[in-house]
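Dear colleague,

I am handing over the structure below, and I would be grateful if you could read the notes that follow with the model open beside them.

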Amino acid sequence: MNYTSTRDSSLRVTAQEAIVQGIAPDGGLFVPVEMPSLTEEDLAALSGMTYTQRAVWVLSRFLTDWTAEELAAAVEAAYGERFEEGDPAPLSRLEEGKYLLELWHGPTCAFKDMALQLLPKLLPAAAKKSGCREEIVILVATSGDTGKAALEGFMDVPGTRILVFYPQEGVSRMQKRQMTTQRGDNVAVTGIRGNFDDAQTGVKAIFGDEELAAELREKGFSLSSANSINWGRLVPQIVYYISAYCQLLADGEIAAGEQVNFCVPTGNFGNILAGYYAKQMGLPVKRFLCASNRNNVLTDFIATGRYDRNRAFFTTTSPSMDILISSNLERLLYLLTGKNDAETREKMDSLRRTGVYQLDQRELSALQEEFSGGCCDDRQAADTIRQTFERYSYLCDPHTAVAVKVWEDYRKETGDGTKTVILSTASPYKFADTVLAALGQPVPEDDFDRLEALEKLSGLPAPAALTGLKDAPCRFPEVCGAGEMGERVRKFLGQREAQ
Ligand SMILES: *Cc1c(COP(=O)(O)O)cnc(C)c1O
């Protein structure tokens, strides 16, 4: 299976090259040239398998230059002991036709683990085979969840080092604690005096700094990225859409061939796009519901066909969805325009220059045929957390609550009774302050008292990955200016060399 670029359809690379390079040389995103197929017979066979077996099956369709043994070993290592016992992505049935797909049973309690536990297991072999002799240095700018998941994924992976930058004032206390206590000999974490955009701009500047790149190459280092535009982040996410469907089949909740809806709390459009790829393969999906918080650029886009990032940015209680440029939308545009690279390039250019692009009528109809958008604010999300707990004794995190609310609104508006899987993207314990407040409870000052309070209320044990941080020493207290990030990279790599 070969890959091409959304901005140049004549390009051909292997899956390994796509994953090692991260982004195409023309600035486009790597996409598969053709879509592997998934038939009703395949789904029936997959229904009888475990999650890891389903994962190997799906991955082997897209990642054709790894052997079946390599994929099986990577999948076992990824979803084995670092995940809580049992199914790594269990379905929880709230009532008939309404299911939550829990994607937060990994080591950092958010859905990013589903891909970031697997990608580091695939990358070193790929780098070697595609002729990369250098040590891979992963740079990450994070608003909270990605940084920690990438650190856990790459911790002590041979041939790699990872440096994470986070906005000093822009992540939650628990997220900061998760990152600054990170274990491992090949990791470092630095706070930035600035916001997430400053951190992201700084990382992009480092990637574009030819002088630094040459200096690093000379020392035997090659920069790479683990953010969600990397194809290696998307393909493990396709697995859980297919697996959820198979689980519904296996549990007798749906009949063979029956269509379902998926409702996805969305930021960078990576998660929901993976579902769309599953549908392209042949998964029976009627509609994707794209759920946003107050940063509702995608809701407007799906309603009007006009993407306009020139708007106020809001900080919300679902911070991982606080985003105005959804990078992975470029891959959907490529498909909506009939794989038209020139048109995709033009739209992305317009976005960069003016912050706006517009679909034509045909593209908009194609989009609306398969996607609906919806949004809600923090108060509505909090009400949903409370109502879901009262009605089902089920505790959901603020990101998941946005999706639950958007699904309820959609259902009321359209009367569409299609059975729906709502993706649950974080453990409620990761956002214990917001969840406690939503339930009308006092919010203790100390992070761990909060976990305990939530535990008492729900009877659901707090994840050991969070309670275990209580006595973990802070290893990375340092903070730097946004202009000093290049220096920080030099220091990180120099330091390790001296050892
Ligand atoms: C990253 C994240 C999202 C958004 O996912 P995208 O792939 O960026 O759309 C939603 N919820 C949580 C908890 C996340 O960490």
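Axes here are lines fitted to C-alpha atoms, for helices over the stretch in contact, and angles run from 0 to 180 degrees between N-to-C directions; helices (H or I, at least four residues) are DSSP runs numbered from the N terminus. This is a predicted model, in which local features need pLDDT of at least 70 and side-chain atom pairs count only at pLDDT 80 or more, while totals for chains, interfaces and linings use all residues. Residues are numbered from 1 along each chain as its sequence is written, and side-chain values use heavy atoms, with hydrogens and water left out.

The axes of helix α3 (residues 51-62) and helix α11 (residues 231-250) are 9 Å apart, and the two helices pack at an angle of about 130°, so they are oblique to each other (under 35 degrees counts as roughly parallel, over 145 as roughly antiparallel, 65 to 115 as roughly perpendicular, and the rest as oblique). On the side of α3, the contact (heavy atoms within 4.5 Å) involves Tyr-51, Arg-54, Ala-55, Val-58, Leu-59 and Phe-62, and these meet residues of α11 that include Trp-231, Val-235, Tyr-240 and Gln-247. By class, 13 residues of this contact are nonpolar, two are polar and one is charged (Ala, Val, Leu, Ile, Met, Phe, Trp, Tyr, Cys and Pro count as nonpolar, Asp, Glu, Lys and Arg as charged, and the others, Gly among them, as polar).

Helix α12 (residues 270-281) and helix α14 (residues 329-336) have axes that come within 10 Å and cross at roughly 30°, and the pair is therefore roughly parallel. Leu-273, Tyr-276, Tyr-277 and Gln-280 of α12 make this contact with Arg-331, Leu-332 and Leu-335 of α14, and the residues involved are five nonpolar, one polar and one charged.

As for the ligand, 15 residues surround it, the closest being Lys-112, Asp-145, Gly-267, Asn-268 and Thr-425 (a residue is near if one of its heavy atoms lies within 4 Å). A ligand oxygen atom is 2.6 Å from an N or O atom in the side chain of Lys-112, and an oxygen atom of the ligand is 2.7 Å from a polar backbone atom of Gly-267. A nitrogen atom of the ligand, in turn, lies 2.8 Å from a polar side-chain atom of Thr-425.

Finally, at the start of helix α10 (residues 210-218), a side-chain oxygen of Asp-209 comes to within 3.1 Å of the backbone nitrogen of Glu-211, and α10 is followed by Gly-220, which has a positive phi near 90°.

Methods: Polar contact = N/O pair within 3.5 Å; in protein donor to acceptor, adjacent residues only side chain to side chain.
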